[in-house]
Amino acid sequence: MSLRVGAHVSIAGGVDNAVDNQVEVGGNCGQIFTHSPQVWQDPNIGEEEADRFRTGTERELDGPWVIHTSYLVNLCTPKEGLREKSLDSMQAELDAADRLDIPYVNVHLGAHTGAGVDGGLDNAASVIDDLDVPGDVTILIESDAGAGTKLGGEFEHLAGIIDRTETDIDVCLDTAHMFAAGYDLSSSDAVDETIATFDDIVGLDHLRYIHLNDSKHACGTHKDEHAHIGEGHIGEEGMERIVNHPDLVEVPFALETPTENGRSFAWNIQRVRDLRAE
């Protein structure tokens, strides 16, 4: 299957501008925030703007898009006020995805802050099952670097939330997060082993998207800082195997790589294309 790769692009000036921004960096799918991820805010997308986004996507891109939720959302929290804010924010993102014909909304599980792993996963399942998920939209739980009480760093956490919820949910794997959480991806053999482990614990049938990022820190450090593709601790061999792994070649990739050292999304997307054997 042809490579689907893109970046997390800006919607400044209107969500429809994301299409041109994606084309400009050489992407054919990708990710957006519907608003600043640092604040509680509902998406503000007019119908004409949404129509231009849908039309532009169909004309210019292969897709799919994914919406990334606010960083403030914490599905695992035991705090009622934060739970309600997270629920409301998630619902707004799901409704926006439905309006934009975006099939996925990506979210971190968040931190259990003392509730424990089981308690945190129970809390997250409760929030998810209280959502009104549109029929053509799927929630993706993103893997995490696993610092502190944040959940999602272990594949067992991803399997645990899938098992607990009555809602059909799937998974987005972030390569930098997996690596930081202790899953080695720095060689072809390591990638094969990690993907096999994910399949055993969660199931590849639940993998719908990959955030493709190299890591500035070593495996198992729980430090989440992204590097250019092939230039970090995962390195070229690991990245080449990821983008060519037979179980991953049909999965779309969204890059969240940095803009530094004269390199931005365009450089990284081309790097992925160069590594892909087609």
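**Close-up 1. His222 is partly exposed, at 34% relative accessibility.** Buried means under 20% relative accessible area, exposed over 50%, and partly exposed in between (1.4 Å probe, protein chains only). In this predicted model, local features need pLDDT of at least 70, side-chain atom pairs count only at pLDDT 80 or more, and totals for chains, interfaces and linings use all residues. Residues are numbered from 1 along each chain as its sequence is written, and side-chain values use heavy atoms, with hydrogens and water left out. His222 lies in the loop between strand E10 (214-215) and strand E11 (226-227); helices (H or I, at least four residues) and strands (E, at least two) are DSSP runs, numbered from the N terminus. The phi of His222 is near 60°, a positive value in a residue other than glycine. Most residues other than glycine have a negative phi.

**Close-up 2. Thr113 has a positive phi, near 45°, and is a residue other than glycine.** Thr113 belongs to the loop between strand E5 (110-111) and helix H4 (116-129). With a relative accessibility of 44%, Thr113 is partly exposed.

**Close-up 3. Gly63 and Pro64 are joined by a cis peptide bond.** Omega is about 5°. Pro64 is placed in the loop between helix H2 (47-60) and strand E3 (65-68). Most peptide bonds are trans.

**Close-up 4. Asp98 is part of a patch of negative charge on the surface.** The patch gathers Glu58, Asp95, Asp98, Asp101, Asp132 and Asp136. Asp98 is located in helix H3 (residues 80-100) and is partly exposed, with a relative accessible area of 38%.

Key
Patch = residues over 30% accessible without salt bridge, like charges linked within 9 Å, V, L, I, M, F, W, Y side chains within 5 Å. Areas by Shrake-Rupley, 256 points an atom, 1.4 Å probe, with all protein chains shown as cover. Salt bridge = Lys/Arg side-chain N within 4 Å of Asp/Glu carboxyl O. Lys, Arg positive; Asp, Glu negative; His and termini not counted. Charge placed at Lys NZ, Arg CZ, Asp CG, Glu CD.
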